[in-house]
Amino acid sequence: MEKTSKLSKFYLALVFIVLYTPIFYLIFYSFNSGGGMNNFESFTWEHYRAVFSDTRLLMILINTVIVALLSALLSTIIGVFGSIGIVFMRNKSIRNSILSLNNVLIVSPDVIIGASFLILFTMIGVKLGFASVLISHIAFSIPIVVLMVLPKLQEMNSSLIDAAADLGATRRDILTRVIIPFIKPGIFAGFFMALTYSLDDFAVTFFVTGNGFSTLSVEIYSMARAGITLTINALSGIIFIVTLILVVGYYFISQRGKNPVGMGVRK
Amino acid sequence: MQTKNTKTLYLIPYFTWIVLFVIAPIGLITYYSFFDLSGNFTFDNYRNFFSSVYLTLTLSSFWYAFLITLFSLIIAYPTAYWLTKTKHKQLWLLLIIIPSWINLLLKTYAFIGIFGLYGPINAFLNVFGIGEQQILFTDFSFIFVSVYIFIPFMILPIFNALDKLNPSLIDASRDLGASSWTTFSKVIFPLTVNGVKAGIQAVFIPSLSLFMITRLIAGNKVITLGTAIEQQFLVTQNWGMGSTIAVFLIIFMVIIMIITGQREKGATSNGKNK
């Protein structure tokens with residue numbers, strides 16, 4: 001028994017080391033005053049300064065964040081209403097086919113989503129750029145929002161709605177005072193997932209972005225194809241911190257959602 | 001009751017989304033696959049796909065995807081198993097998931113440095129007198145980086161399956177005199193096979209369609225179905241052929257999903273499944 005537990009600890013430690021080494025490797029060399037990702041010369045903030053003085057890169061950073069926030073917001077709204085609709089569907093077979101359609105974009109490879117959206121946008125005449133990127137991000141985030149919200153809705157006791165209706169609540173009241181507060185943790189989870197989906201996406205954006213518009217992933221790709229630039233390392237340091245904040249925030253929100261006390265009443 | 005009206009009203013955006021971004025794209029891809037470069041209706045794309053060039057490409061793409069999935073599974077299963085035995089397993093699981101939230105491009109980019117000619121791996125090999133090796137732009141680096149990227153998506157569903165496993169079943173098996181291996185092969189593994197299937201699904205399908213890693217790490221040596229689609233669409237601008245490959249990729253995807261069977265509802269809800 002003792003032996004296996006030692007082995008397991010060693011194995012897990014190895015997995016964690018391999019998982020985290022590349023990330024810390026990147027961040028470590030972002031402080032290198034030398035030119036590349038080897039031979040650490042001396043400590044410097046120069047590459048971070050380079051990020052913040054590069055207005056083009058900053059614009060791309062802002063674009064990425066705007067696209068992520070907008071797409072997460074809009075896809076959350078559409079997804080929440082969609083899942084409320086799905087849950088109240090009487091016909092089981094229609095509901096199941098809607099659910100399978102919902103999951104198509106989750107299992108589809110990015111390349112196919114990107115290529116088919118490219119055809120779609122070209123056909124209906126959406127100019128490739130901000131609009132096409134935003135629309136695609138909304139489109140591929142909606143199903144994940146639905147998947148996060150749906151279990152919460154199914155958990156909800158339908159007598160809550162009946163009770164509210166009996167007590168004279170209007171449909172609007174039922175939605176804003178009963179349903180939404182109850183599924184709030186699911187909504188938050190969906191929003192965060194949509195946010196990270198959007199921030200993380202490369203393939204779909206790569207297909208539907210035109211010449212004038214770029215997000216961080218696409219920009220990093222073209223920079224990385226040209227070779228090693230420590231500006232990317234500095235960027236990754238910043239992104240790592242932001243991601244960590246997002247993850248920790250998400251973790252706390254989802255932990256709070258697990259706690260049944262204080263759900264519902266909170267505004 | 002009168003609620004029927006509003007129901008349909010707030011469903012409009014969602015259904016519009018389904019029609020426009022789920023059904024229409026698949027239809028368009030299929031439609032475009034029947035046209036050649038100059039816009040004439042043709043079956044040539046399909047004929048081309050069954051030529052030796054594309055068949056070898058498909059086969060090699062499947063081979064790489066198979067290897068990536070296999071290695072992910074071999075590494076992920078013990079990890080997930082031992083994770084369930086740790087004290088603060090949810091926290092450790094979160095630590096496994098965090099790297100999957102870091103931008104994919106950055107992780108790939110890190111390996112350009114690590115595997116580089118003067119990178120740490122080569123420095124390490126030098127110490128043992130092996131000398132510098134070309135690691136980047138090889139099959140090894142491609143598979144390693146892909147496994148690295150996909151491993152959290154394999155660990156997660158297996159972890160969930162193992163976590164749900166009733167420990168008294170294992171005790172019962174031990175009490176009845178089964179060896180650890182028998183317990184594993186006759187009790188633990190069969191009961192977590194759904195998690196394994198979900199993991200295979202989450203790794204195999206994206207592996208078929210990788211194109212960014214092939215470009216950055218494999219240096220155009222490895223061509224997957226995804227790379228081929230990207231090339232047809234964005235480089236040669238032959239949307240017809242690109243769509244044809246995409247149609248086949250969709251067909252393969254459906255087949256794989258049927259083989260790996262019904263996915264449990266909770267499988268995706270815990271993390272990203274891209």
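Analyst: Start with chain A, whose pattern along the sequence reads α-α-α-α-α-α-α-α-α-α-α. That is eleven helices and zero strands. Helices here are DSSP runs of H or I with at least four residues, strands are runs of E with at least two, and both are numbered from the N terminus.

A word on the source. The model is predicted: local features need pLDDT of at least 70, side-chain atom pairs count only at pLDDT 80 or more, and totals for chains, interfaces and linings use all residues. Residues are numbered from 1 along each chain as its sequence is written, while chains are lettered from A and ligands numbered from 1 in the order in which they are written.

The C-alpha trace of chain A spans about 75 × 65 × 35 Å along its principal axes. Of its 267 residues, 40% are buried. Buried means 20 or more other C-beta atoms within 10 Å of the residue's own; exposed means 12 or fewer; partly exposed is in between, with C-beta atoms placed from the backbone. Take the contacts in chain A with a separation of 6 or more: residues 24 or more positions apart account for 78% of them. A contact means that two C-beta atoms, placed from the backbone, lie within 7 Å.

UniProt lists several transmembrane regions in chain A, in an unreviewed entry, including residues 12–31 and 101–124. UniProt positions follow the numbering used here, feature names are shortened, and annotations may be inferred rather than shown by experiment. Residues 12–31 of chain A are 90% helix and 0% strand, with end C-alpha atoms 29 Å apart. Residues 101–124 of chain A are 92% helix and 0% strand, and their ends lie 22 Å apart.

Now the meeting of the two chains. Here 59 residues of chain A are in contact with 66 residues of chain B. On the chain A side, the largest share comes from helix α1 (residues 2–29) of chain A, with twelve residues. That side divides into 46 nonpolar, nine polar and four charged residues. Nonpolar covers Ala, Val, Leu, Ile, Met, Phe, Trp, Tyr, Cys and Pro; charged covers Asp, Glu, Lys and Arg; the others, Gly among them, are polar.

Next, the largest nonpolar core. It holds 141 residues, and Ala115(A), Phe207(A), Met154(B), Ile155(B) and Ile158(B) touch the most other members. Such a core is a set of buried Ala, Val, Leu, Ile, Met, Phe, Trp, Tyr and Cys residues joined through C-beta atoms within 7 Å. Helix α7(B) gives the most to this core, 16 residues. Domain 1 (1–32) and domain 2 (46–267) of chain B both contribute residues, so the core lies between them. Their bounds come from an automatic or database domain assignment. The C-alpha centres of these two domains of chain B are 33 Å apart. As for Ile155(B), leaving out residues up to four places away in sequence, it touches Ala76(B), Thr79(B), Ala80(B) and Ile96(B).

Last, a backbone detail in chain B. Phe137(B) is not a glycine, yet has a positive phi of about 65°. Phe137(B) sits in the loop between α6 (120–127) and α7 (139–164) of chain B. It is partly exposed, with 16 other C-beta atoms within 10 Å.
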